[in-house]
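Here are some notes for a colleague who has not seen this structure before. Please read them with the sequence and the model side by side.

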Amino acid sequence: METSCLFCRIVAGEIPATVVHRTGTTVAFRDIDPKAPSHVLVVPVAHHADVTELAGDPAVAADVLATAAKVAELEGLTGGFRVIFNTGAHGGQEVFHVHAHVVGGAPLGPMLARP
Ligand code: 5GP
Ligand code: ZN
């Protein structure tokens, strides 16, 4: 655990969050500022800064994807959903503990706003 990392502290229960699912290696909790009717963040318990680092731990990367799929099921996202890993400055990443955004619950519009 990195004591200065917001999501490590949520995983440890030091900062409250609305947890929707937990496995031995992942935690899924609601985004504090949802951008869709359903917006859940899936994080590995182990600290990895971004998806590039997570890719170096393929078993945990697979667990994150499996938890994202489970969240979609639990949230009833039968119409479809998106899984987003914002990465680095151009990707708009703000929290440097890798997280998959699972968003859905309504049509999400174009994949990207044009710059
Ligand atoms: P990023 O831009 O790094 O991909 O996304 C970070 C996400 O974390 C944002 O959607 C933001 O709303 C969410 N977030 C930031 N601080 C907190 C917090 O303290 N609790 C929760 N649940 N979500 C947070
Ligand atoms: Zn962390």
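1. Buried means under 20% relative accessible area, exposed means over 50%, and partly exposed is in between (1.4 Å probe, protein chains only). In this chain, buried residues make up 35% of the 115 residues.

2. This is a predicted model, in which local features need pLDDT of at least 70 and side-chain atom pairs count only at pLDDT 80 or more, while totals for chains, interfaces and linings use all residues; side-chain values use heavy atoms, with hydrogens and water left out. Residues are numbered from 1 along each chain as its sequence is written, and chains are lettered from A and ligands numbered from 1 in the order in which they are written.

3. The chain has four helices and five strands (DSSP runs, numbered from the N terminus: H or I of at least four residues for helices, E of at least two for strands). Along the sequence they follow the pattern α-β-β-β-α-α-β-α-β. The C-alpha trace spans about 35 × 35 × 25 Å along its principal axes.

4. Which residues hold the zinc ion (ligand 2)? Cys5 (SG), Cys8 (SG), His47 (ND1) and His97 (ND1) coordinate the ion at 2.1 to 2.3 Å (donors are N, O and S atoms within 2.8 Å of the metal, or 3.2 Å for Na, K and Ca; water is not among the atoms, so sites may look incomplete). The spacing of these donors along the chain is C-x2-C-x38-H-x49-H. Cys5 lies in the segment before α1 (6–11) and His97 in the loop between α4 (88–91) and β5 (100–104), so this pair ties together parts that are 92 residues apart in sequence. Cys5 is buried at 8% relative accessible area, and His97 is buried at 0%.

5. The site of the zinc ion (ligand 2) is tetrahedral, with angles of 107 to 115 degrees among the four donor atoms. Four donors count as tetrahedral if all angles lie between 85 and 135 degrees; four count as square planar and six as octahedral if opposite donors are over 155 degrees apart and all others between 65 and 115; anything else is irregular.

6. The count of salt bridges comes to five (a side-chain nitrogen of Lys or Arg within 4 Å of a carboxyl oxygen of Asp or Glu). One of them joins Glu75 and Arg30 at 3.0 Å, N to O. This pair links distant parts of the chain, with Glu75 in the loop between α3 (58–74) and β4 and Arg30 in strand β2, 45 residues apart. Both are partly exposed, Glu75 at 23% relative accessibility and Arg30 at 36%.

7. Another salt bridge joins Lys70 and Glu73, with the closest N and O atoms 3.6 Å apart. The two are three residues apart in helix α3 and therefore separated by about one helical turn. Lys70 is partly exposed at 30% relative accessibility, whereas Glu73 is exposed at 56%. Elsewhere, Asp31, Asp33 and Lys35 are joined into one network by salt bridges that share partners.

8. Finally, two residues away from these sites. Met111 is in the segment after β5 and is exposed, with a relative accessible area of 68%. Thr25, in the loop between β1 (19–22) and β2 (26–30), is partly exposed at 30%.
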